[in-house]
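Me: I've got a structure open and I'd like to learn how to read it. Could you walk me through it, one feature at a time?

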Amino acid sequence: MKKLTKTCLSIVACLSIAGGSTVAINSVSTIPTVTAASREKIDIANRDIASYLANCQQYESNDKQFQGFTSIKAISYQGKNRVKITVNDDFYNLSKPRRDLLIDTLQNGILGTLMDDQQEQLAESDIHKGIYTKVYLNNQLIGQSSKNNNRQINWQK
């Protein structure tokens, strides 16, 4: 019995030491894990936003509400309420009011997607403010949100 007790105490002592070093090892890697989780959330958000865009593009030929969606090449959510939209050459075939409406509709869809997936914690004020948007054509910036109003796009051309 005495031998069994000494063995049990030795095992408990070893586990306590191992557990303490495990905590120390894990606490060091916590920061990269948090970064990786944020990157993973952005990747998931981008996948879901791409799916949203594909759905809208599918309806464009049958519904005027979706006019212009095929002019959008890609959308990249960059985290912290920022998005990059890449457009095709035919984007300028749309009137300026239609481009503005299209970008506003995309902003609403992106915010809705982020909220549905709970990928981003958004306050009601963030939703009203919109999402900071930059629009690119052939890797050239052609429009971006104004400083005071994310929903208003200042076009370069």
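**Reading the model, feature by feature**

Me: Let's pick a single residue to begin with. Where does G130 lie?

Reply: This is a predicted model, so we'll come back to confidence later. G130 lies in the loop between α4 (124-129) and β3.

Me: Is G130 buried or exposed?

Reply: Buried: the relative accessible area of G130 is 0%, and the cut-off for calling a residue buried is under 20%.

Me: Which residues is G130 in contact with, apart from its neighbours within four places in sequence?

Reply: They are N81, Q107, L111, N150 and R151. Take Q107: 23 residues separate it from G130 in sequence, yet the two C-alpha atoms are 6.5 Å apart in space.

Me: Okay, on to the sheet. What's the general idea with strands?

Reply: Strands of a sheet pair through backbone hydrogen bonds, and they do so either parallel or antiparallel. Here you have an open sheet of 5 strands in the order β1-β2-β3-β4-β5, and the pairing is mixed. β1 and β5 are the edge strands, each pairing on one side only. From one strand to the next, the twist averages 25 degrees.

Me: How many bridges join β1 to β2?

Reply: There are 6, and these two strands run antiparallel. One to click on is I75, whose bridge partner in β2 is I85.

Me: What else does I75 touch?

Reply: Skip the neighbours within four places in sequence, and the contacts of I75 include N46, I49, L53, L106 and I110, along with I85.

Me: How should I think about the core?

Reply: In soluble globular proteins, nonpolar side chains tend to be buried together. In this model the largest nonpolar core has 27 residues, and those touching the most other members are F69, I72, I75, V87, F91, I103 and L106. At least two core residues come from each of α2 (30-59), β1 (72-79), β2 (82-87), α3 (96-117), β3 (132-137) and β5 (153-155).

Me: Which element gives the most to this core?

Reply: That's α3, with 6 residues.

Me: And how far can I trust what I'm looking at?

Reply: Where pLDDT is low, the predicted coordinates should not be read in detail. The protein averages a pLDDT of 78, with 72% of the residues scoring at least 70. Confidence is highest in β3, at a mean of 96, and lowest in helix α1 (residues 2-28), at 44.

Me: Over which residues does pLDDT stay under 50?

Reply: Residues 4-37, and for that stretch the model has 0 contacts beyond four places in sequence.

Definitions and conventions:
Residues are numbered from 1 along each chain as its sequence is written. This is a predicted model: local features need pLDDT of at least 70, side-chain atom pairs count only at pLDDT 80 or more; totals for chains, interfaces and linings use all residues. Side-chain values use heavy atoms; hydrogens and water are left out. A nonpolar core is a set of buried Ala, Val, Leu, Ile, Met, Phe, Trp, Tyr and Cys residues joined through side-chain atoms within 4.5 Å. Buried means under 20% relative accessible area, exposed over 50%, partly exposed in between (1.4 Å probe, protein chains only). Helices (H or I, at least four residues) and strands (E, at least two) are DSSP runs, numbered from the N terminus. Contact means heavy atoms within 4.5 Å. Two strands pair if DSSP finds at least two bridges between them. Axes are lines fitted to C-alpha atoms, for helices over the stretch in contact, and angles run from 0 to 180 degrees between N-to-C directions. pLDDT is the predictor's confidence in each residue, from 0 to 100.
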